[in-house]
Amino acid sequence: MVKLVLVRHGESVANAANVYTGWNDVPLTEKGKKQAENAGKLIKQIPHFFPSRIHTSVLSRAIVTANIIADVCGFLYLPITKTWRLNERHYGALRGLNKDISRQVFGKEQVLQWRRSFDSVPPKQGSPIIDRRYQKFDQNLMPRAESLHQTQLRLLPYYHDEIASRLLQGEDQLIVAHGSSLRALIKKIENINDHDIVKLEVPNAEPIIYTLDEHLTIMNKQVLN
């Protein structure tokens, strides 16, 4: 048996302000830092969980959450891999827009479609991303807006190469990422259909534990809160 633990970052200032964040880099609130600390305490209590690596995005709210969890759990000695492929879904031109205002502008049904459906893509960002953290990557891979499906497609190569490969060797793994990127990954892991994924929520800083067999078939799932 091997364990995979997924954690969404603690509350960010954008979460608190009810705005679309996506690839915007925003800090945790004080509440978010406390949530991350509590998530660490919960993870520390998981029986026989000894990850060989921590995986996170290149966005501060996830990195800081991962660092807090690592500190609480005594995992600071572990390698932490940061990858853009675990970034939050890119919300395109909606980035920074208040979600309530978006419903007034575009209508509730359209916003629900953008936010929750598997294939709907929000309006694209008007210009390419200008950020040093992405300059070394192929700019043709950098999105200007993404559906949940597109988010899944860009994170799965990393999951298979860097996470599943280690799980298959019997190494526990810890992923600290974002609401939509984790929804995309969970859809794959649990084989959730396109319709039912609309109902899935991933709360801030509530660890999700998968116990997997040697073929990475789910034997048990538990959410700690």
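1. Contact here means heavy atoms within 4.5 Å. Among contacts in the chain between residues at least 6 apart in sequence, 77% join residues at least 24 apart.

2. On provenance: this is a predicted model, in which local features need pLDDT of at least 70, side-chain atom pairs count only at pLDDT 80 or more, and totals for chains, interfaces and linings use all residues. Residues are numbered from 1 along each chain as its sequence is written, and side-chain values use heavy atoms, with hydrogens and water left out.

3. The chain has seven helices and six strands (DSSP runs: helices are H or I, at least four residues; strands are E, at least two; numbered from the N terminus). From the N terminus the order is β-α-α-β-α-β-α-α-α-β-α-β-β. The radius of gyration, taken over C-alpha atoms, is 17 Å, close to the 17 Å from the globule rule for 225 residues, so the chain is as compact as a globular protein of that length. That rule is 2.2 Å times the number of residues to the power 0.38.

4. Buried residues make up 53% of the 225. Buried means under 20% relative accessible area (1.4 Å probe, protein chains only).

5. The largest pocket is lined by 20 residues; R8, E88, Y91, K99 and R115 lie nearest its centre. A pocket is an open set of points on a 1 Å grid over the protein atoms alone, where a 1.4 Å probe fits, with protein on both sides within 12 Å along at least five of seven lines; lining residues have an atom within 4 Å of a point. Helix 7 gives the most to this lining, with three residues.

Technical notes
Buried means under 20% relative accessible area, exposed over 50%, partly exposed in between (1.4 Å probe, protein chains only).
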